[in-house]
Amino acid sequence: MSFDLQGFPADSEALATLAARGLAYRLVDTSDAAATSKWVEADFRGFHHSRPRQIDLDFDFGLLAERRVHGVYDPTIAEPAVPVATVSSWPTGLSVPGGRSVDAWAVSSVTVSPTHRRRGIARALMLAELQNARSAGAALAMLTATEATIYGRFGYAPAARAATVYVDRRRAHWIGADVPGRVQFVDAAAIREIAPAIARRAVARTPGEIDRWPALLDRVLGLHDPESDRSRSRRVARYDDERGQPQGFAVFHVTREPNAPGVAEFDFLAAATDDAERALWRFLVEQDYVSGTRGLLRSVDEPLPWLLDDPRAITVTDVVDHLWLRVIDPIAALSARRYSSPGRLVVEVDDPVGIAAGRFELVVDDGGRAEVAAIESRDAAASVKGARGIRLGVRELGAIYLGGVRPSVLARAGRIEESAPRSIDLAERMFASTRTPHLSIWF
Ligand SMILES: CC(C)(COP(=O)(O)OP(=O)(O)OC[C@H]1O[C@@H](n2cnc3c(N)ncnc32)[C@H](O)[C@@H]1OP(=O)(O)O)[C@@H](O)C(=O)NCCC(=O)NCCS
C-alpha cells in the first residue's frame, strides 16, 4: 500500500471540534526534532512510562518518520509545546485467511493527558482516524487496546486473541517427532539482516498478524539500545532447516530469581514453517536451570499440548482480546480474504458512523475466492430476495472477519440476525479460518 503520509491535511471535523474547545489539533512535522520530542514526551507520559532518554527519542524519530503523527495542543497550559493528546497511525498489511494480506490502517499512541480527560478529545481523534483510514484507501482500521471498554463505540471489535503460555520445566517431556535441522544461538546484529524476510513469511501464514516495521525488529533484538540491561539479557536462537536455511528465530531472556532458577521468557518467536515453530518451542521449553518457560502473546491454539507427554505441564493465562478491527470498506475487506466454504450470502451492515453501512452480496466459489458487490439498486435487491443473509453491526463484522469469533456465538448473543433459515450456518462455514487468528505483538 503506497501512500503519502503527509499528503492530506489534518481532519477538518476534528480541527473544528477541538478548536471550539480552545484546543489546536495538528499534524506533527516529524522532521522537526523539537516538536517531535515534545510529542514523544507526552506519549510516554500518557502510558505512564518514565521520561524518554535521548536514545529513546532518537529511536522514536526514526519510527515516527514512517507514521502520520497528530497532537492536540492547549495554548493556555504551562508547557504549551507538549501536546495534551497524541495519536499516530500508518498504513500496513494485515494477514487474512488464505495467506493473503489486506491494506489496513494501524492506530497507535492514543493518549490524552489526565488534565484533559473526558472532554471528548479521544473521540475527536478516533473519528478522525477513521477518516484517515478511508483517505488512505484502507479496508480496515486496527489497534491493540490497553482497556477493552474504549474502542467499541468507534466500531472496533476484538478479532484475534492472545494468551500467556507457561510450561513447567519438570513436566515438559517432549514427545513430538524430531525436527530436522538445528537451533543455534546467533548474535542479534547478525540476524537483523534476515529477520525481516523470516518475519514476513511468519506473518503471512497467520491471520491477524500485521507487517513488522524495521524499528520493531531493532527493538525486539535490543539493537536500538544495545547496552541497556534489557537488551543485554536478550538471547537470540535461530532455527535452520536441514539445508541450513534459516526459517525462524526466537528472542528470549531468563529472569533472575535470588538463589533459584529463573523463567525463560520470550515475547518474540517468528516461525516461517511448522518445523521452525516446533524446533524453537522445543529449544525454549528444554532449558536447564529454569523452573519453566513463559511465552507472552502466544496463540490461544498452540500445537504445544500435542508435543508434550503431559499436556497439564502447560498453563494458559491472560487470554485477552488483542487485535481490534474496524471495517472501513466492506467490499475491499470481504474480497481480500479466502473463505472456507462456497456460498452466496447477503451481508447487511449497520454502522452508526455511516462509513461501512450497506448491503453486500458475498459470492464465494469452490476455491474460497470471493466476489463482493454492493446491493444498491432495487433490481439488485430483487435478485437477492430470499437469499440467505445476515444482518449485523460493523463491530460484529470486524469480530467475525478473520474467523476468530464464530457467527453462531454472536447469534446466540443476539448480535447477528439471519434473514433466511440456515444463514448463520452458512456464515459459520464460510467465515471459518483453518488457522486460528493470532497477533503476537503490541502496536
Ligand atoms: C483512553 C483515553 C485516551 C480516553 O481519552 P478521553 O479524551 O478522556 O476520552 P473521551 O473524553 O473522548 O471519551 C470518549 C468516550 O470514551 C469513553 N472512555 C474514555 N476512556 C475510557 C476508558 N478508559 N474506559 C471506558 N470508557 C472510556 C468516554 O466515557 C466517552 O464515552 P462516550 O463519548 O461514548 O460518552 C485516556 O483515558 C488515556 O489517555 N488513557 C491512558 C492511555 C491509554 O490507555 N490509551 C489507550 C491506548 S490503546
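User: Is Phe-266 buried or exposed?

Analyst: This is a predicted model, in which local features need pLDDT of at least 70 and side-chain atom pairs count only at pLDDT 80 or more, while totals for chains, interfaces and linings use all residues. Residues are numbered from 1 along each chain as its sequence is written, and side-chain values use heavy atoms, with hydrogens and water left out. Buried means under 20% relative accessible area, exposed over 50% and partly exposed in between, with a 1.4 Å probe and protein chains only. Phe-266 has 1% relative accessibility, so this residue counts as buried.

User: Why does Phe-185 count as exposed?

Analyst: The cut-off for exposed is over 50% relative accessible area. Phe-185 counts as exposed because its relative accessibility is 53%.

User: How many aromatic pairs does a search of the whole structure find?

Analyst: Rings of Phe, Tyr and Trp (its six-membered ring) pair if their centres lie within 6.5 Å; planes under 30 degrees apart are stacked, over 60 edge-to-face and the rest tilted. Over the whole structure, the number of aromatic pairs found is nine.

User: What is the centre to centre value for Phe-185 and Phe-283?

Analyst: These two rings form an edge-to-face pair, with 80 degrees between the planes. Phe-185 is in strand β7 and Phe-283 in helix α9, 98 residues apart; helices (H or I, at least four residues) and strands (E, at least two) are DSSP runs numbered from the N terminus. Centre to centre, Phe-185 and Phe-283 are at 5.6 Å.

User: Which residue forms an aromatic pair with Phe-266?

Analyst: The pair is edge-to-face, at 5.2 Å centre to centre and 85 degrees between the planes. It links strand β10, which holds Phe-266, to helix α9.

User: Which residue lies over the face of Trp-213?

Analyst: Trp-213 forms one aromatic cluster with Trp-90 and Phe-443. A charge sits over a ring if NZ of Lys or CZ of Arg is within 6 Å of the ring centre and within 35 degrees of the ring normal. At 5.0 Å from the ring centre of Trp-213 lies Arg-67.

User: How far is a backbone N or O atom of Arg-118 from an oxygen atom of the ligand?

Analyst: Arg-118 is among the closest of the 20 residues surrounding the ligand, where near means a heavy atom within 4 Å. The distance from the backbone atom of Arg-118 to the ligand oxygen is 2.6 Å.

Notes: A polar contact is a pair of N or O atoms within 3.5 Å; within protein, one must be able to donate a hydrogen and the other to accept it, and residues adjacent in sequence count only if both atoms are side-chain atoms.
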